[in-house]
Amino acid sequence: MGLDSKYLSKALELSSEGILILDTSTNILYGTDKAKDILGLKEDFQTRSFLELFPDSFLAKEMGQQLKGIVEEILPIPTRDRNLFCVCRLEQVIAQGEVKVNILYLKQQMGVVNETGKKSYHALYTFNDIIGPGEKLEQLKKKGKAFALGDSTILIQGETGTGKELFAQALHAASPRKDKPFMPVNCAAIPENLLESELFGYEEGSFTGAVKGGKPGRFEIASGGTVFLDEIGDMPMFLQAKLLRVLQEKKIERVGGTRQIPVDVRIIAATHKDLRRLVADNKFRDDLYYRLNVLPLYIPPLRERKEDIYALLEYFLKKHTVLAGKPSKRFSAKVLNQFFKHSWPGNVRELENVIEYMVNLPEQSAMFDMDSLPPYLLGSLEQKNLPGEGICQAYEPDQDAALLKVKDMESNQIIAALEKYGHCTRGKREAAKALGISVATLYRKLKKI
């Protein structure tokens with residue numbers, strides 16, 4: 001049975017990102033209300049062309065041909081009364097070797113034009129937005145706050161999904177540069193032949209399609225603030241040499257230019273790769289590695305700080321029930337137990353995706369049970385913890401802290417169930433059924449509370 005278009009559009013509208021669907025000529029076939037809001041548009045997207053809206057976008061010029069992977073670009077978005085800045089991520093639907101449609105995801109606003117007309121980017125998160133009561137995370141935030149006060153280069157390492165950009169924004173927000181621009185650059189998402197001009201800018205006539213008058217790069221735009229180089233391990237070797245020069249001389253040179261342009265930026269780099277191994281394999285410059293690794297921060301994976309899971313569950317559940325317009329629900333004891341058994345290879349991002357999936361399921365009961373979990377998660381009871389990726393094996397899990405939190409969490413669930421169903425014999429039977437345990441087990445656990 002095919003999927004009704006109204007249900008498809010409803011599913012797209014539930015996304016926290018704006019979504020545009022375009023053909024290979026950049027004509028906009030469909031756009032969500034979130035995309036319209038981000039772009040500051042009131043009219044419908046019909047008959048609009050993305051290339052018409054953004055003639056300087058390299059993404060628009062790439063939509064007619066098959067890309068090697070996902071690419072993204074930060075675009076200034078002109079409207080009648082303001083300029084918005086957002087991250088645009090392009091993905092494609094490929095069939096029989098041809099591009100059928102382009103899907104563009106628009107992230108939340110990155111900055112606005114200030115009263116003087118100058119473009120500015122800002123960090124959206126602080127250390128208060130980093131959730132988790134565990135000792136490891138608290139110590140990491142304490143170290144990060146100290147590092148933020150200086151001006152030395154910071155290297156953030158951690159597996160995919162641990163929150164490296166969140167930490168980078170918090171570092172900027174806690175630094176003396178907090179009122180200056182925060183400029184994120186994903187070194188893996190921008191095509192190699194465009195990354196140089198994105199970072200360093202270009203002069204007029206330096207290549208075919210160059211904008212008249214040239215264009216400043218992200219180092220120039222961010223001068224006075226912070227440049228966040230995400231996925232630094234994917235930066236090409238020839239650009240590593242130019243980046244090293246920026247770190248040493250605090251100057252950049254535009255593509256096709258000869259002028260040395262002073263830039264005052266602090267660099268925060270991040271990677272999920274083992275840079276020491278890349279250095280040994282001659283895939284990363286050793287002199288650049290030592291220049292970046294002045295103040296190292298390692299974010300442990302979620303499986304090594306399971307004491308943070310419960311706080312994250314509460315936060316993501318509240319966030320996505322509000323976004324989806326759904327009533328709040330509780331987790332059964334079996335579901336909570338499964339969350340603590342899972343190894344979370346995708347870390348905090350995977351956890352949030354699981355909660356978003358569960359929240360958007362059709363409502364069946366007042367509690368999330370095992371049937372609410374994604375199918376792949378049901379098989380993780382037999383899974384062993386997956387090995388870490390590269391550098392992310394530095395710490396052993398704090399099992400005692402995790403077990404303590406499980407016990408506290410279980411007690412809270414039992415108390416909540418009794419408050420709902422009552423403390424009488426019948427109420428306890430209903431509470432035990434909802435928790436997925438026997439009445440005898442419930443009585444035994446009550447004696448320990």
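Which residue in strand 5 is the bridge partner of Gly18? The bridge partner of Gly18 in strand 5 is Leu106, where strands, like helices, are DSSP runs numbered from the N terminus (strands E, at least two residues; helices H or I, at least four). This is a predicted model, in which local features need pLDDT of at least 70 and side-chain atom pairs count only at pLDDT 80 or more, whereas totals for chains, interfaces and linings use all residues. Residues are numbered from 1 along each chain as its sequence is written, and side-chain values use heavy atoms, with hydrogens and water left out.

**Strand 1 and its partners**

- Strand 1 (residues 18-22) is mostly covered, with four of its five residues buried; buried means under 20% relative accessible area, exposed over 50%, and partly exposed in between, for a 1.4 Å probe and protein chains only.
- Strand 1 pairs with strand 5 (residues 98-106) in the antiparallel sense over five bridges, pairing being assigned if DSSP finds at least two bridges between two strands.
- Strand 1 is also joined to strand 2 (residues 28-31) by three bridges, again antiparallel, and Ile21 stands opposite Tyr30 of strand 2.
- Five residues separate strand 1 and strand 2 in a hairpin, and Thr26 in the turn has a positive phi of about 70°.

**The parallel sheet and its helices**

- Five strands form an open sheet in the order 9-12-15-8-16, with parallel pairing; strand 9 and strand 16 are the edge strands, each pairing on one side only.
- The twist from one strand to the next averages 15°, with axes being lines fitted to C-alpha atoms (for helices over the stretch in contact) and angles running from 0 to 180 degrees between N-to-C directions.
- Strand 8 and strand 16 run parallel and are joined by four bridges, with Pro296 of strand 16 as the bridge partner of Leu155.
- Helix 5 packs on the sheet, touching strand 8, strand 15 and strand 16, and its direction makes about 155° with that of strand 16.
- Helix 6 packs on the sheet too, and its direction makes about 155° with that of strand 8.
- Because seven of the ten residues of helix 6 (residues 164-173) are buried, this helix is largely enclosed by the rest of the structure; among the buried residues are Phe167, Leu171 and His172.

**Thr321 in helix 12**

- Thr321 lies in helix 12 (residues 309-324) and is buried, with a relative accessible area of 7%.
- A polar atom of the Thr321 side chain lies 3.0 Å from the backbone oxygen of Lys318.
- Leaving aside neighbours within four places in sequence, Thr321 is in contact (heavy atoms within 4.5 Å) with Lys326, Pro327, Ser328 and Val359.

Methods:
A polar contact is a pair of N or O atoms within 3.5 Å; within protein, one must be able to donate a hydrogen and the other to accept it, and residues adjacent in sequence count only if both atoms are side-chain atoms.
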